[in-house]
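Colleague: Could you walk me through the side-chain contacts in this one? I'm new to this, so please keep it simple.

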Amino acid sequence: MSVDVPRRIVLLRHAKADWPQVADHERPLAERGRNDAPLAGRRIAEAGLTPELTLCSTALRTRETWKLVVHELPQRPKTVYEERLYDAPVGQLIEVINETSDDITDLLVVGHNPGMHGLADALAGEADEDAKERMDRGAFPTSAFAVVTFSGSWKSVEIGCGRLTSFWAPHE
């Protein structure tokens, strides 16, 4: 596959998590999160986003979110649970994305804030005004996702390389 093809990255923040007396990595979804995650999955499907690969943080809340989202998609993408996505800064998130095979056109990343918001903001050298305004107004709440498009190799993903084309949050 040519590296000049248009590509999309869907950046999905995990659904609302509960706060039981467990390590942060093991926090499960709250009831609201279990309700919102399938909504995000349906919205991803309705938007015609068809990820071929999903990179998901190993935290319990991201894994639970992904399991609820994927059931709403028309096809199940390959899923890789990636420890480096947990509590990752923007630079580390970009490093993980840079490892994606150029056979992949659409990538979905399930992660945490502030990383997902920061990454969407950092990658968006350009933005559809409505998407940027909605993303910044809502501060990237749980179960929200942003879509960034770019052309080129996954190795070329860097700050400012893409265009923020859409943003969705469940309680807008």
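Colleague: By about how many helical turns are Glu133 and Arg137 separated in helix H5?

Modeller: First, some ground rules: this is a predicted model, where local features need pLDDT of at least 70, side-chain atom pairs count only at pLDDT 80 or more, and totals for chains, interfaces and linings use all residues. Residues are numbered from 1 along each chain as its sequence is written, and side-chain values use heavy atoms, leaving out hydrogens and water. Helices (H or I, at least four residues) and strands (E, at least two) are DSSP runs, numbered from the N terminus. Glu133 and Arg137 are four residues apart in helix H5, so the separation is about one helical turn.

Colleague: What do the side chains of Glu133 and Arg137 meet in?

Modeller: The N to O distance for Glu133 and Arg137 is 3.4 Å. The rule asks for a side-chain nitrogen of Lys or Arg within 4 Å of a carboxyl oxygen of Asp or Glu. So Glu133 and Arg137 meet in a salt bridge.

Colleague: Is Arg137 buried or exposed?

Modeller: Buried means under 20% relative accessible area, exposed over 50%, and partly exposed in between (1.4 Å probe, protein chains only). Arg137 has a relative accessible area of 57%, so the label is exposed.

Colleague: Which parts does the salt bridge of Lys132 and Asp121 tie together?

Modeller: The closest N and O atoms of Lys132 and Asp121 are 2.4 Å apart. Lys132 lies in helix H5 and Asp121 in helix H4 (residues 115–123), so the bridge ties together parts that are eleven residues apart in sequence. The two parts, then, are helix H5 and helix H4.

Colleague: How are the rings of Phe140 and Phe167 arranged?

Modeller: Rings of Phe, Tyr and Trp (its six-membered ring) pair if their centres lie within 6.5 Å; planes under 30 degrees apart count as stacked, over 60 as edge-to-face and the rest as tilted. By this rule the count comes to three aromatic pairs. For Phe140 and Phe167 the centres are 5.3 Å apart and the planes are at 70°, so the pair is edge-to-face.

Colleague: How many residues apart in sequence are the parts that Phe140 and Phe167 tie together?

Modeller: Phe140 lies in the loop between helix H5 (129–138) and strand S6 (145–151). Phe167 is in strand S7 (residues 162–168), so the parts tied together are 27 residues apart in sequence.

Colleague: How many disulfides does the structure hold?

Modeller: A disulfide here is a pair of cysteine sulfur atoms within 2.5 Å. The structure's count is zero.
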